[in-house]
Amino acid sequence: MGWCQGRVCGPAVAGLAGCAPAPFRTPFARPVPLGVLAGPPTEEGP
């Protein structure tokens, strides 16, 4: 699968296959760019 993990084409494929549409689920994680991980630490308040 691509970056969207089926969120874009999943409902269309389900419709073409005759399946009932599944409820939209928001992923609990998302890709983090390497530049963000390699960057300097930032201060975040509470």
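These exercises walk through a predicted model of one chain.

**Exercise 1. The chain as a whole**

Find how many helices and strands the chain has, and what share of its residues is buried.

Solution. 
- Step 1: Count the elements. The chain has two helices and zero strands.
- Step 2: Turn to burial. Buried means under 20% relative accessible area. Of the 46 residues, 2% count as buried.

**Exercise 2. Pro 23**

Locate Pro 23 and decide whether Pro 23 is buried or exposed.

Solution. 
- Step 1: Pro 23 sits in the loop between helix H1 (10-17) and H2.
- Step 2: Apply the cut-off. Exposed means over 50% relative accessible area. Pro 23 has 67% relative accessibility, so Pro 23 counts as exposed.
- Step 3: Relate Pro 23 to Pro 11. In sequence, 12 residues separate the two. In space, their C-alpha atoms are 9.5 Å apart.

**Exercise 3. A nonpolar patch**

Name the residues of the nonpolar surface patch, then classify Leu 37.

Solution. 
- Step 1: List the members. They are Val 32, Leu 34, Val 36 and Leu 37.
- Step 2: Give the area. Together they have about 440 Å² of accessible area.
- Step 3: Leu 37 belongs to helix H2, which covers residues 34-38.
- Step 4: Classify Leu 37. Its relative accessibility is 62%, so Leu 37 counts as exposed.

**Exercise 4. The cysteines**

Solution. 
- Step 1: Recall the bond. A disulfide covalently joins the sulfur atoms of two cysteines.

How values were computed. Residues are numbered from 1 along each chain as its sequence is written. This is a predicted model: local features need pLDDT of at least 70, side-chain atom pairs count only at pLDDT 80 or more; totals for chains, interfaces and linings use all residues. Side-chain values use heavy atoms; hydrogens and water are left out. Patches are made of residues with over 30% relative accessible area and no salt bridge: like charges are joined within 9 Å, nonpolar side chains (Val, Leu, Ile, Met, Phe, Trp, Tyr) within 5 Å. Accessible areas come from the Shrake-Rupley method with a 1.4 Å probe; for residues, only the protein chains shown count as cover. A salt bridge is a side-chain nitrogen of Lys or Arg within 4 Å of a carboxyl oxygen of Asp or Glu. Helices (H or I, at least four residues) and strands (E, at least two) are DSSP runs, numbered from the N terminus. Buried means under 20% relative accessible area, exposed over 50%, partly exposed in between (1.4 Å probe, protein chains only).
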